[in-house]
Structures are given as structure tokens and as C-alpha cells.
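Subject: Structure handover

Hello,

Here is the structure for your files. My notes on helix packing, a pocket and a backbone angle follow below it.

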Amino acid sequence: MAKHNSEGKVAVVTGAAQGIGRAYALRLAEEGFAIALADIAESSETARQISAAGGAAESFRVDVSDESSVSQLRGDVLATLGRCDVLVNNAGVYPFQLWDEIEYADWRQLISVNLDSMFLMAKAFTPGMRERRWGRVINQASDVFGIVIKGVAHYTASKGGVIGFTRALATELGDQGVTVNAIAPGLTRTPGTMSRQPDPHSVEDPEEMVAFAQGQAIPRVEQPEDLAGVLAFLASEDASFVTGQTIWVDGGLVRV
Ligand SMILES: NC(=O)c1ccc[n+]([C@@H]2O[C@H](COP(=O)([O-])OP(=O)(O)OC[C@H]3O[C@@H](n4cnc5c(N)ncnc54)[C@H](O)[C@@H]3O)[C@@H](O)[C@H]2O)c1
């Protein structure tokens, strides 16, 4: 197990109401961090699961693409939990729109949620990390940046931006005890991806996702839990000399 010094430390996880964000929040709670669940939707089910497992969490409503909402979140988290040591920028959207269908408003909206949010959240929460000379910023990218498919030009651009921002911020904060890394998941079974399937509540993995997984070196459908261990490692003491990196966690679809 990775070495954690999480006693008294707080992790803010965006998009924690469901999907990968929920798995991240649950895992960091298991590792001993107190968790700020930050989502535009209600995170009560994630909070319930953390509490049932003996962890500590508080829920906050935020629109990560909105400067004043993020500023409010910062105030609320600091007032309630006192600090932020680990920032997990996971919230994101992935509408499928072919090039001829994307309007400028769609582009702006997606870039705002997936990329502007990284800037706003890092501006809000890295000052305390720098003061204490310890911090972790972990940004959610996507392996779409490494494969490139039709229908996601705005999404691919936003996730390429996440990877670039991760490298740049790591360079700015590396001498102050703060590491900045990204995780690039593959196609993962979540409420978001299942909502596009013929039966969103099926307990079986849908045929389309099973077929997609055949291109991976490990040919099974990715689950949120496949990502949580890598996040726990990046938040740990063991990862203190790892920064500016993108870790591809996609069963070996992208091999760089
Ligand atoms: N599931 C995949 O196949 C996959 C693959 C690669 C990358 N990702 C990335 O992982 C992240 C999570 O994906 P998921 O599949 O768990 O998504 P999901 O749709 O299941 O959950 C996303 C969560 O983010 C929240 N959210 C959306 N917009 C928000 C906003 N403006 N402010 C605050 N919260 C907001 C939603 O309410 C939701 O709880 C995203 O960044 C996504 O791009 C997912």
C-alpha cells in the first residue's frame, strides 16, 4: 500500500456525486483524508457511502465553470474543513457532437466546464498548499487525447488542454512542495457513459462497451475502481517526486 500521511488532511473532489468522482472520493476517504464532495448535483449518496465506511465527508454544491461559484466553494470548504491539501479536478462533461453539429456556444460551454474549471479551482485551492509547502493537484484528462475519434473535437481539445495545464502548473509549483499530475481514463462504465446505452440500468456491461474494450491490451470494460488506486498513489507520500505527468489508465489502449 502507498504511504499516506493523511491525518488531518482534506481532499476536495469535484464531480463527486457519481461515477469516477464518487470512486475517487470513497478511496481517498479510505486512505484517511476528510473529503469535500463538490458537485453541481447533490452528493448525498456518496456522503452516505463514505460515512457507512467510517470516513468523513461534507457536501458542497458548485458549478466549477463559474468563478463566483468556485469562490463561494473555497470560502465554504475553508470555513467547514479548514484547508485543502489534495485537489481532484474530476468534474467534466462529454457530449457527443460531430463537427458539423458543434456550435460555438457548445464549444465555449464544454471548454468552460472541462478546462476553465481547472484554472479556477487551482487558483482557489493552491495558495494554502503553497503556504504549508505540501499539496497535490490531480486533474482528470482522457485517453481520447491519445486515440482521437470523431464527434468529440471540443472534448479532445479540452483534455489536451488539461494535459498541457498539468505540465505548466507542475513547473510553477514544483519548488513549493506541490505536485500536479493528470490521470487519463479509457472508456469507463459510469452513469454518464451508461446514460447513452440502450439500457442504462443493465447490470451487464453493454455490448458496445465490451466491443470497444477489445482494442485494449486488457480487454474488459473499465470500472471507476480501476482508476482509484492510481489516484491514491498520486495523492500519497510515495508520489512526492512525480509531477507534470499524465498516467494513462485505460487497460493499455494508448501505449506511449
Ligand atoms: N467515463 C468515461 O468513460 C471517461 C473517460 C475518460 C475521461 N472521463 C472523465 O472523467 C470525469 C468523470 O466522468 P464520469 O464518467 O464519472 O462522469 P459522470 O457524468 O458520470 O459524472 C460527472 C459528475 O460531474 C458533475 N458535474 C458536471 N458538470 C459540473 C459542473 N459544471 N460543476 C460541478 N460538477 C459538475 C456531474 O453532476 C456528475 O456528478 C470527466 O472529467 C470525464 O471527462 C470519463
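How close do the axes of α1 and helix α2 come, and at what angle do they cross? This is a predicted model, and in it the two axes come within 10 Å and cross at roughly 25°. Helix α2 covers residues 44-52. Angles under 35 degrees count as roughly parallel, and α1 and α2 are therefore roughly parallel to each other. Their crossing is right-handed. On the α1 side the contact is made by Arg-22, Ala-25, Leu-26 and Ala-29, and on the α2 side by Glu-45, Thr-46, Gln-49 and Ile-50. By class, the residues of this contact are four nonpolar, two polar and two charged.

Helix α1 (residues 19-30) also packs with helix α9 (residues 225-234): the axes come within 9 Å and cross at roughly 45°. That angle makes α1 oblique to α9. The crossing of α1 with α9 is right-handed. From α1, the residues Ile-20, Ala-23, Tyr-24, Arg-27 and Leu-28 take part; they meet Glu-225, Leu-227, Ala-228, Gly-229, Leu-231 and Ala-232 of α9. Sorted by class, the contact of α1 with α9 has eight nonpolar residues, one polar and two charged.

A further helix pair is α3 and α4. Helix α3 (residues 67-81) packs against α4 at an angle of about 30°, and their axes are 10 Å apart. This makes α3 roughly parallel to α4, and the crossing of the two is right-handed. In α3, Glu-67, Val-70, Leu-73, Arg-74 and Val-77 meet Leu-120, Met-121, Ala-124 and Phe-125 in α4. Here the contact residues divide into seven nonpolar, no polar and two charged.

The largest pocket holds about 1200 Å³ of space. Its lining is made up of 45 residues, and those nearest the centre are Gly-92, Val-93, Tyr-94, Gly-192 and Thr-193. Two or more lining residues come from each of these elements: α1, β2 (34-39), α4 (104-132), α5 (144-147), α6 (153-173), α7 (191-194) and α8 (207-213). By class, the lining of the largest pocket has 22 nonpolar, 17 polar and six charged residues.

One backbone angle is worth a look on your screen. Most residues other than glycine have a negative phi. Arg-133 is not a glycine, yet its phi is positive, at about 60°. Where does Arg-133 sit? Its place is in the loop between α4 and β5 (135-140).

Regards

Key: Residues numbered from 1 in each chain as written. Predicted model: local features only at pLDDT ≥ 70, side-chain atom pairs only at ≥ 80, totals over all residues. Heavy atoms only, no water. Axes fitted to C-alpha atoms, helices over the stretch in contact; angles between N-to-C directions. Helix = DSSP H or I, 4+ residues; strand = E, 2+ residues; numbered from the N terminus. Parallel < 35°, antiparallel > 145°, perpendicular 65-115°, else oblique. Left-handed = near helix turned anticlockwise from the far one by under 90°. Contact = heavy atoms within 4.5 Å. Nonpolar A, V, L, I, M, F, W, Y, C, P; charged D, E, K, R; others polar. 1 Å grid on protein atoms, 1.4 Å probe; cavity = no way out; pocket = protein on both sides within 12 Å on 5 of 7 lines; lining within 4 Å. Points joined across faces, edges and corners; volume = space filled by probe spheres on them.
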